[in-house]
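Morning, everyone. Please have the viewer open while I talk.

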Amino acid sequence: MSDTRRRVKVYTLNEDRQWDDRGTGHVSSTFIERQKGISLLVRAESDGSVLLESRISPNTAYQKQQDTLIVWSEAENYDLALSFQEKAGCDEIWEKICQVQGKDPAVEITQDPIDESEEERIEELPETSHLVDLPPCELAKLEEIADLVTSVLSSPIRREKLALALMSDGYIKRLLQLFQECEDLDNREGLHHLYEIVRGVLFLNKAALFEVMFSDDSIMDVVGCLEYDPALVQPKRHREFLTKTAKFKEVIPITDSELRQKIHQTYRVQYIQDIILPTPSVFEENFLSTLTSFIFFNKVEIVSMLQEDEKFLTEVFAQLTDEATEGAKRRELVNFFKEFCAFSQTLQPQNRDAFFKTLANLGILPALEIVMGMDDLQVRAAAIDIFSYLVEFSPSMVREFIMQEPQQTDDDVLLINVVIKQMICDSDPELGGAVQLMGLLRTLIDPENMLAPTNKTEKTEFLSFFYKYCMQVLTAPLLANTAEEDSSKDSLEGATKINPVCPDNFQTAQLLALILELLTFCVEHHTYHIKNYIMTKDLLRRVLVLMNSKHTFLALCALRFMRRIIGLKDEFYNRYIIKGNLFEPVINALLDNGTRYNLLNSAVIELFEFIKVEDIKSLTAHIVDNFYTALESIEYVQTFKGLKSKYEQERERQNQRLNRYRRDARTMDDDEEMWFNEDEDDDEGETVVEKSRSEEDFPESYGKFIQAKKAAANGANSANGKPAVPPPSPASPNSSSAKTTLLPAAPLTKTGLVGLVDYPDDEDEEEEEEESPRKRPRLGT
């Protein structure tokens, strides 16, 4: 047998009843020893690997659809399809299949599928019952025909037989002629029967019937039959919508009549499936699987035909970017591309890859850069949808284009900055477009999809580019709405801070929440770049201004940003928070919230609980030193008492280390005195002279040793002699920070605050607690 090769795509039907593309190759029918029979063999055109090896079984039902498709099932849940590039190739392989099965190549289906439950019954049927006997196609017999069509739907074998009977003698065409007669006579009973008949024929799920029903001269009559649902008082007007309301617009004239006819057919069939036919029940969900496949393969064919017509697409792009193009025309062009990209979603990954590469080569991204900056809201919305298709398909392709753009003096012309401005300037009160664009920006800056082995430097290069040219555009609204906080930082302690620019406008608050969500993502995934930006711009202080917002969701976004920073447990961030006293607005918000047990309360408590559980010592000391007096009254959770306990344990450990150092210093002093006493006179006045002389005689290194010991001894003596009442200017290293730790809403008593390093003994602490009055000032009072 000849080994003729034809180019095909191999499809398999997945669990969701969608066709998956298994690859493109060349098919042949040849004898395969392992299969012990004539088989269909498809080898991939890329590497020659075997995509399909299927023996042509004498009992398998093969179906030929749309002149270029052959579909069959090899198992209960394993459907296969070969989509041929040329009709001639499909006809040749179909002849081979029919030859093996002993069938006439003129048939559209080679076997009658037999349901297992009916195998015994079919054996009892006489040979003459190959087809169902259809009543005469007359007005008087419409009820009988409707009953017959409805009755066979529960039986697979009877559905097959009825389908074969309907395909013979032009029965469908005659039924549609009866529809025209009934409508002319206003025969409602007959029209209701025709509705049941046409609906039942669609549920037969046969591609050969669809070819007849969806042809140009029949499809509008089919739609007309489906208007007369018996459950409706008045018929729907679907034909009026399809012919008058729905207008087919050719942005560029389509010269290929076959392509134009395919577009019309696909739109109308999609309308029948989505609008006219009721949602199938659980028992009917597979009845229209072939209709879904019909639409799917039509869309694949449309995209392929348009993609191959480079002259057509080039003309579309030229008019889209031409400044002389009228607004209405450009709107149609952008909507065309939007529909074009939507159709491409039916393609499999390999085909989508080729599709978007074609668009990229034709200049889709520069065109989007132009149209996204236009004033027409519809054009912008469609352009955003197209951009989302491109980003979802290949973020790397979009990033590569962005970085290759010529660096203009004005960063606003960059595509990514155009996207950011569209997000910021979204006029929708609900910010629907801004939410969509925020998701696209998040995809573009996500390092997880920058790990392509072909370009290992993509992550570093793109993030450096983004933080250099784009981050200031993204954060501009946030910095603008918190600008006044800088002038209020130096306000007097105890004064109530009111931020006049904290956004009360709901739309502005929503926008800032989106920006904060993106910045929070950056904190989590962009370790170095975002840290440098936060430190340089003092960004956390500006963000925490939003804790004053009347919109709780915005305050929570600001808190979440800080929580993510603290969650990194990075000492650079911790020192930045301590130095800027950035817990103050958080604690103010907690105290202002009062006794309300809400999400804000829980989120703040969780922040401090995390610090306690993770034992972040620097933050624990800062919180207890500066804010414990204000927080100690909160007893419904043990978080703050736990922080105080952690703080005291750490202080005790430091005291023990300090005491060991003191004991060592005293021991060395005694040894030194004994050494000196051996050579000194009893006269105390001469001792000093002799001591100074002996020091001059010793080597320089020992002189340094003596000085170090004296300094240590003096430090120990001053520590041991510290008075019970602290001096006004404590000498501890924390003294400078302790002066600025009081919350402005209510000044705290500085004598109640103890530095982390210069600690008094335990006895001194007890005396101080007894002598000083117990003050628990509340913030904001």
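I will cover the overall fold, then cavities, a pocket, and aromatic contacts.

Some ground rules. This is a predicted model, where local features need pLDDT of at least 70, side-chain atom pairs count only at pLDDT 80 or more, and totals for chains, interfaces and linings use all residues. Residues are numbered from 1 along each chain as its sequence is written, and side-chain values use heavy atoms, with hydrogens and water left out.

Overall picture. The chain has 35 helices and seven strands. Helices (H or I, at least four residues) and strands (E, at least two) are DSSP runs, numbered from the N terminus. The chain has 781 residues, and 47% of them are buried. Buried means under 20% relative accessible area; exposed is over 50%, and partly exposed is in between, with a 1.4 Å probe and protein chains only. Now contacts, meaning heavy atoms within 4.5 Å. Take those between residues at least 6 apart in sequence: 66% join residues at least 24 apart.

Next, cavities. The grid is 1 Å, over the protein atoms alone; a cavity is a set of points where a 1.4 Å probe fits but cannot get out. A pocket is an open set with protein on both sides within 12 Å along at least five of seven lines. Lining residues have an atom within 4 Å of a point. Points are joined across faces, edges and corners, and a volume is the space filled by probe spheres set on the points.

How many cavities of 30 Å³ or more are there? Six. The largest cavity holds about 90 Å³. Its lining is Q63, K64, Q65, E108, I109, E160, A163, L164, M167, K206, A207 and A208. Which element gives the largest share of that lining? Helix 4, with four residues. Strand 5 (62-65), helix 4 (156-167) and helix 7 (207-213) each supply at least two. By class, the lining of the largest cavity has six nonpolar, two polar and four charged residues. For the classes, Ala, Val, Leu, Ile, Met, Phe, Trp, Tyr, Cys and Pro are nonpolar, Asp, Glu, Lys and Arg are charged, and the others, Gly among them, are polar.

The second largest cavity comes to about 50 Å³. D615, K617, T620, A621, K646, Y647 and E650 line it.

Now an open site. The second largest pocket has a volume of about 1200 Å³. It is lined by 42 residues, and S83, F84, Q85, E301 and S304 are the closest to its centre. Elements giving two or more residues to this lining include strand 1 (6-13), strand 2 (19-32), strand 7 (78-84) and helix 10 (257-276). Helix 11 (289-308) and helix 14 (349-362) are also among them. Helix 11 gives the most, nine residues. The lining of this pocket has 14 nonpolar, 15 polar and 13 charged residues.

On to the rings. There are 24 aromatic pairs. Rings of Phe, Tyr and Trp (its six-membered ring) pair if their centres lie within 6.5 Å; planes under 30 degrees apart are stacked, over 60 edge-to-face, and the rest tilted. F317 and F337 make a tilted pair, 4.7 Å centre to centre with 45° between the planes. F317 is in helix 12 (residues 310-321) and F337 in helix 13 (residues 327-344), so the pair ties together parts 20 residues apart in sequence. Both F317 and F337 are buried.

Compare F462 and F465. Their ring centres are 6.4 Å apart and their planes are at 25°, so this pair is stacked. Both lie in helix 20 (residues 458-469), three residues apart, about one turn of the helix. F462 counts as buried, at 0% relative accessibility. F465 is buried too, at 8% relative accessible area.

There is also one aromatic cluster formed by F312, F317, F336, F337, F340, F355, F356 and F393.

Charges over rings next. The rule is NZ of Lys or CZ of Arg within 6 Å of the ring centre and within 35 degrees of the ring normal. The charged end of R399 sits over the ring of F462, 5.9 Å from its centre. K531 lies over the face of Y573, 5.9 Å from the ring centre.

One last residue. N588 is in helix 28 (residues 584-592). N588 is buried, with a relative accessible area of 16%. N588 and M547 are 41 residues apart along the chain, and their C-alpha atoms are separated by 8.8 Å.
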